[in-house]
Amino acid sequence: DQHGRDRPGMGRVAPARLAHGERTHTGSKEGLSGLADVRAARLEEFALLGAIEGQAGVRFLELGLSLETPVPVAERGEVPLAAFVAGDPPVGFAWVNLVCGEPHLEELAVLRSAGRRGLGRALVEGVCAWAKDADYRSVTLCAFRDVPWNGPFYLSAGFVELSPDRWCPELASIRATERANGLDGAGARVVMIRYLRAARTT
């Protein structure tokens with residue numbers, strides 16, 4: 001996906017460092033051991049993530065989507081809620097921010113040479129397993145609705161579109177920034193959510 005804040009949270013699940021400091025959680029390995037190659041990112045590995053993001057972004061250009069090259073999430077000097085990698089050294093990563101009190105998948109990227117191995121899905125499942133273990137209710141993200149490895153992929157991973165009337169102020173701000181940066185001109189953008197627990201009906 002095209003788009004971040006420092007701290008990992010997996011492996012055993014390492015404590016999540018929350019942007020607003022409300023709480024920290026640790027979790028067990030249970031339910032995570034089957035996620036091949038997915039673990040918490042080490043701080044010294046952050047310098048490797050920009051190249052992975054850059055290479056993954058080439059796929060959008062090949063579809064004719066002309067996107068302005070953003071500053072890689074790991075090079076913005078921001079502190080994520082959590083960061084996960086696949087491989088050692090990393091060949092893929094997931095970067096998670098705290099948005100309106102819930103995890104938001106800011107970036108998911110896998111090197112093309114490591115594609116077709118299920119690493120992207122393993123990273124998504126790792127993020128969701130960690131978030132559920134940390135007692136969050138959902139995970140959100142923004143994606144291109146019709147790009148195969150974006151919207152359709154996330155649909156297959158249990159995400160659904162979230163209508164604008166249900167966006168929190170921070171999600172609305174993210175979408176406004178995307179529009180201002182020209183992403184909507186490259187294709188339909190949607191906000192998606194995966195519920196980790198029963199969704200509220202009221």
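Which residues make a nonpolar surface patch of about 250 Å²? The legends below begin with this patch.

Figure 1. Leu 155, Val 160 and Tyr 195 make a nonpolar surface patch of about 250 Å². Patches are made of residues with over 30% relative accessible area and no salt bridge; like charges are joined within 9 Å, and nonpolar side chains (Val, Leu, Ile, Met, Phe, Trp, Tyr) within 5 Å. Accessible areas come from the Shrake-Rupley method with a 1.4 Å probe, and for residues only the protein chains shown count as cover. Val 160 is found in strand E6; helices (H or I, at least four residues) and strands (E, at least two) are DSSP runs, numbered from the N terminus. With a relative accessible area of 38%, Val 160 is partly exposed, a class that lies between buried (under 20%) and exposed (over 50%), with a 1.4 Å probe and protein chains only. Residues are numbered from 1 along each chain as its sequence is written, and side-chain values use heavy atoms, with hydrogens and water left out. Since this is a predicted model, local features need pLDDT of at least 70 and side-chain atom pairs count only at pLDDT 80 or more, while totals for chains, interfaces and linings use all residues.

**Figure 2. The disulfide of Cys 100 and Cys 168.** A disulfide is a covalent bond between the sulfur atoms of two cysteines; here, a pair of cysteine sulfur atoms within 2.5 Å is counted as one. By this rule the model has one disulfide, which joins Cys 100 to Cys 168 with an S to S distance of 2.1 Å. The link of Cys 100 and Cys 168 is right-handed, with 95 degrees about the S-S bond. Cys 100 lies in the loop between strand E3 (92–99) and strand E4 (102–110), and Cys 168 in the loop between strand E6 (160–161) and helix H4 (169–180), so the pair ties together parts that are 68 residues apart in sequence. Cys 100 is partly exposed, at a relative accessible area of 31%, whereas Cys 168 is buried, at 18%. Cys 142 is in no disulfide, and the nearest cysteine sulfur, that of Cys 168, is 9.9 Å away. Cys 142 is buried, with a relative accessible area of 0%.

**Figure 3. The largest nonpolar core.** In soluble globular proteins, nonpolar side chains tend to be buried together. A nonpolar core is a set of buried Ala, Val, Leu, Ile, Met, Phe, Trp, Tyr and Cys residues joined through side-chain atoms within 4.5 Å. The largest core has 32 residues, of which Phe 84, Leu 105, Val 124, Trp 130, Tyr 154 and Phe 159 touch the most other members. Among the elements that give two or more residues to this core are strand E2 (82–86), helix H2 (119–133) and helix H3 (151–156). H2 provides the largest share of this core, eight residues. A second, separate core of 13 residues includes Ala 41, Val 73, Ala 83 and Phe 93.

**Figure 4. Strand E2 and its partners.** Five of the five residues of E2 are buried, so this strand is largely enclosed by the rest of the structure. In a regular strand the side chains alternate between the two faces of the sheet. Ala 82, Phe 84 and Ala 86 point one way from E2, and Ala 83 and Val 85 the other way. Two strands pair if DSSP finds at least two bridges between them. E2 pairs with strand E1 (residues 38–40) in the antiparallel sense over three bridges, and Arg 39 stands opposite Val 85. E2 and E3 also run antiparallel, joined by five bridges, with Ala 82 opposite Val 96. The hairpin of E2 and E3 has five residues between the strands, and Gly 87 takes a positive phi near 90 degrees there.

Figure 5. A salt bridge is a side-chain nitrogen of Lys or Arg within 4 Å of a carboxyl oxygen of Asp or Glu, and the structure holds 13. Glu 102 forms one with Arg 137, the closest N and O atoms being 3.8 Å apart.
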